[in-house]
Amino acid sequence: MTESVLYGGTSSARVRIHHLQQAKERGEKWAMLTAYDTYSAAIFEEAGIPVMLVGDSAGNVVLGHTSTVQVTVEDMLLLTKAVTRSTTRALIVADLPFGSYESGPQQAFETAVRLMKEGGAQAVKLEGGVRVAPQIKLLHDSGIPVMAHVGFTPQSEHALGGFRVQGRGAGAEQLLADARAVQEAGAFAVVLEMVPAAIAAEVTKELSIPTVGIGAGVDCDAQVLVWPDMAGLNGGRVPKFVKKYADLRAELLRAAQEFAGEVRGGVFPGPEHSFD
Ligand SMILES: Nc1nc(=O)c2c([nH]1)NC[C@@H]1CN(c3ccc(C(=O)N[C@@H](CCC(=O)O)C(=O)O)cc3)CN21
Ligand SMILES: CC(C)C(=O)C(=O)O
Ligand SMILES: [Mg+2]
């Protein structure tokens with residue numbers, strides 16, 4: 001496992017993407033996590049996470065919005081800069097936020113260039129299938145690596161009628177058409193969000209590019225989770241597809257309470273934290 005090229009040195013984005021492609025061919029799975037700040041990104045890189053997504057889920061988990069719809073390009077730039085300042089080996093992908101690419105390929109190009117030039121991202125992600133294929137094609141032809149995102153696309157929650165599994169029944173054909181369209185347009189990978197496991201397995205088999213699942217079963221080539229969800233920082237309800245690998249909320253709550261208690265009791269700072 002440690003021999004895997006996925007966790008190697010500081011190769012170019014193009015070479016790293018080629019390694020993701022080779023991993024699919026070998027049947028070697030990999031993990032992606034979201035990242036929004038400099039410390040956590042450095043930790044995930046040390047943990048051997050080969051791809052990080054500066055997700056517009058920041059709208060929910062960092063900025064306190066009710067959805068990703070309110071997130072701006074300026075918000076994404078701030079977060080992307082923080083992540084790219086502390087990482088060297090991971091491939092950093094930045095989400096194009098709602099409203100920054102839908103009107104056409106030129107708009108998508110201009111936003112992607114900002115996230116790469118100013119933010120330091122090595123790739124971008126956008127939501128949609130057939131509908132955004134022209135955007136993906138222009139970015140790809142311009143040398144910008146694109147990750148696609150089909151199935152449940154949170155930026156369209158209002159159009160889709162809420163948080164719903166996509167690709168069930170007759171929806172399977174549309175999902176397959178979307179997945180084929182983004183591959184054809186030049187995407188290097190595609191996120192499958194909230195798709196029945198059997199359909200995601202079929203898409204994964206059908207496509208030559210890696211699929212990254214979130215609520216899409218175990219047969220995807222890779223998996224992604226929103227890090228505050230998987231680390232248990234989120235105090236509210238989490239989607240069914242989340243597994244909690246830690247309880248950071250409890251740990252942080254305890255630390256903050258203990259600090260406050262020691263200050264109230266005159267215990268902190270001790271002599272070892274004070275200057276003569
Ligand atoms: N914290 C967080 N985690 C995420 O995974 C996430 C975000 N925020 N923000 C952006 C999108 C929105 N996503 C979401 C948000 C909610 C559900 C949800 O409530 N799912 C329910 C209902 C599923 C159904 O009824 O079919 C679930 O129980 O999974 C799913 C995906 C995924 N992304
Ligand atoms: C859930 C992932 C795929 C995402 O788009 C995000 O975090 O914004
Ligand atoms: Mg997103």
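This is a predicted model: local features need pLDDT of at least 70, side-chain atom pairs count only at pLDDT 80 or more; totals for chains, interfaces and linings use all residues.
Me: Where is Glu193 found, and what does UniProt list for Glu193?
Reply: Glu193 belongs to strand E6, residues 189-193. An unreviewed UniProt entry lists Glu193 under "active site".

Me: Which residues does Glu193 touch, leaving aside those up to four places away in sequence?
Reply: Glu193 is in contact with His149, Gly151, Phe152, Thr153, Ile214, Gly215 and Ala216. The criterion for contact is that the C-beta atoms lie within 7 Å.

Me: What makes strand E4 largely enclosed by the rest of the structure?
Reply: Five of the five residues in E4, which spans residues 123-127, are buried, so the strand is largely enclosed. Ala123, Lys125 and Glu127 lie on one side, with Val124 and Leu126 on the other, and both faces are covered.

Me: Why is strand E5 described as largely enclosed?
Reply: In E5, residues 146-151, six of the six residues are buried, so the rest of the structure largely encloses this strand. Val146, Ala148 and Val150 point one way, while Met147, His149 and Gly151 point the other way.

Me: How do you know that E4 pairs with E3 and with E5?
Reply: Pairing requires at least two bridges. Three bridges join E3, residues 91-95, to E4, and four join E4 to E5. Both counts meet the requirement, therefore E4 pairs with E3 and with E5. E3 and E4 run parallel, as do E4 and E5. Val124 is the bridge partner of Ala94 and stands opposite Val146 in E5.

Me: Which residues have the most contacts inside the largest nonpolar core?
Reply: Met52, Val124, Val146, Ala187 and Val190 have the most contacts within this core, which has 76 residues. In soluble globular proteins, nonpolar side chains tend to be buried together. Beyond its neighbours within four places in sequence, Val190 is in contact with residues including Met147, Ala148, His149 and Val150.

Me: Which residues come nearest to ligand 1?
Reply: Ser57, Phe163, Val226, Pro239 and Lys240 come nearest, out of 14 residues around ligand 1. By class, that shell has seven nonpolar, four polar and three charged residues.

Definitions and conventions
Residues are numbered from 1 along each chain as its sequence is written. Chains are lettered from A and ligands numbered from 1 in the order in which they are written. A nonpolar core is a set of buried Ala, Val, Leu, Ile, Met, Phe, Trp, Tyr and Cys residues joined through C-beta atoms within 7 Å. A residue is buried if 20 or more other C-beta atoms lie within 10 Å of its own, exposed if 12 or fewer, and partly exposed in between; C-beta atoms are placed from the backbone. Two residues are in contact if their C-beta atoms, placed from the backbone, lie within 7 Å. UniProt positions are given in the numbering used here, feature names are shortened, and annotations may be inferred rather than shown by experiment. Helices (H or I, at least four residues) and strands (E, at least two) are DSSP runs, numbered from the N terminus. A residue is near a molecule or strand if its C-beta atom, placed from the backbone, lies within 6 Å of it. Ala, Val, Leu, Ile, Met, Phe, Trp, Tyr, Cys and Pro count as nonpolar, Asp, Glu, Lys and Arg as charged, and the others, Gly among them, as polar.
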